Amino acid sequence: GGGGGGGGSLRELAADEAAPPEGDSDPRAAAPACWRRCIQEAGRAIYAEPTLLAPYLLKAEALQALERWREALATMEQCVNSEPSRRSDQAVLQKVVEAQFLVKKSERDDLYALLGVTGVGSKASEKEVRAAYKRAALEWHPDKHAEESAEQRAEAEAHFKKLGEALEILTDPFKRKLWDEGHTVESIGQQAQQRRQQQQAERQRDGGEEWGAEQQRGEKRGGGGPGGVRRATNQREHDERPIAAAPLSGAESEAAEGVDDVPPPEPLEAASR
């Protein structure tokens with residue numbers, strides 16, 4: 001939606017408002033005041049014309065810059081409800097999803113701070129993460145709180161469990177990348193599970209393809225695959241089958257019939273006499 005004559009667009013106005021004052025040594029010092037002015041201007045535009053899209057987007061962006069995450073989400077939800085067509089506008093709906101993601105990100109525990117990795121945060125090496133975990137685990141190990149009250153022991157056990165979860169995430173490259181992007185512990189667990197299932201399916205598929213290739217090679221040799229196995233089995237059964245005698249001619253048959261009439265050979269002693 002456009003603005004009035006000579007006024008320029010809201011985004012141009014926001015850019016002018018966000019520009020640091022001349023001579024300011026630190027431009028970031030003036031940023032919060034500029035973003036608050038943007039919120040005010042966008043609010044006036046929304047009040048004047050509730051169906052305009054740009055003021056909602058600008059207001060949400062300014063609120064997020066000030067880390068007012070839930071207000072930004074509420075602004076985007078108001079944007080969707082202000083115009084029925086926006087309920088199917090993928091660009092607007094994506095902004096809502098991003099606002100929801102930032103809300104969840106803001107409500108997470110800081111795993112780096114939980115372990116005591118100070119000053120470096122996401123830039124900490126795995127060695128630094130493990131060293132910080134070791135120090136924190138020694139402090140919160142349940143055995144060190146065995147003589148305290150039941151409530152204190154439960155608190156120590158819960159904290160010790162969180163330390164283990166933090167170590168698992170921050171020492172796994174895949175999970176740590178997701179964490180640094182802003183995903184929650186629950187979301188990371190779901191994506192890690194999906195990844196394991198995908199890898200398992202790929203291994204099974206690769207194993208099946210390898211088995212199929214081996215079977216094809218066996219079929220070519222006559223000994224692999226279902227067809228090759230059947231051929232080899234039939235050949236083996238044929239080789240082991242008793243050989244049937246060929247039919248005898250007439251003379252051979254008569255000679256064979258007289259074989260039973262031939263007297264047995266005499267003993268050697270009788271033959272010598």
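Tutor: The axes of α8 and helix α9 (residues 173-181) come within 6 Å and cross at roughly 105 degrees. This is a predicted model, in which local features need pLDDT of at least 70, side-chain atom pairs count only at pLDDT 80 or more, and totals for chains, interfaces and linings use all residues. Residues are numbered from 1 along each chain as its sequence is written, and side-chain values use heavy atoms, with hydrogens and water left out.

Student: What makes α8 roughly perpendicular to α9?

Tutor: Angles under 35 degrees count as roughly parallel, over 145 as roughly antiparallel, 65 to 115 as roughly perpendicular and the rest as oblique. The axes cross at roughly 105 degrees, and therefore α8 is roughly perpendicular to α9. The axes themselves are lines fitted to C-alpha atoms, for helices over the stretch in contact, and angles run from 0 to 180 degrees between N-to-C directions.

Student: Which residues of α8 and α9 meet?

Tutor: Glu168, Ile169 and Leu170 of α8 meet Lys175, Arg176 and Trp179 of α9, where contact means heavy atoms within 4.5 Å. These residues comprise three nonpolar, no polar and three charged. In this division Ala, Val, Leu, Ile, Met, Phe, Trp, Tyr, Cys and Pro count as nonpolar, Asp, Glu, Lys and Arg as charged, and the others, Gly among them, as polar.

Student: Why is α7 called roughly antiparallel to α8?

Tutor: Helix α7 (residues 126-140) and helix α8 (residues 150-170) pack at an angle of about 170 degrees, and their axes are 10 Å apart. That angle therefore makes α7 roughly antiparallel to α8. On the α7 side the contact includes Val129, Arg130 and Tyr133, and on the α8 side its residues include Phe160, Leu163 and Leu167. The residues of this contact divide into ten nonpolar, two polar and two charged.

Student: How do you know that Leu167 is buried?

Tutor: Buried means under 20% relative accessible area, exposed over 50%, and partly exposed in between (1.4 Å probe, protein chains only). Leu167 has a relative accessible area of 15% and is therefore buried. This residue lies in helix α8. Apart from neighbours within four places in sequence, Leu167 is in contact with Leu115, Val129, Arg130 and Tyr133.

Student: What makes α4 and α5 roughly antiparallel?

Tutor: Helix α4 (residues 69-82) and helix α5 (residues 90-106) pack at an angle of about 160 degrees, with axes 9 Å apart. The two helices are therefore roughly antiparallel to each other. The contact divides into eleven nonpolar, two polar and two charged residues.

Student: How many helices and strands does the chain have?

Tutor: There are 13 helices and zero strands; helices (H or I, at least four residues) and strands (E, at least two) are DSSP runs, numbered from the N terminus. Of the 273 residues of the chain, 22% count as buried.
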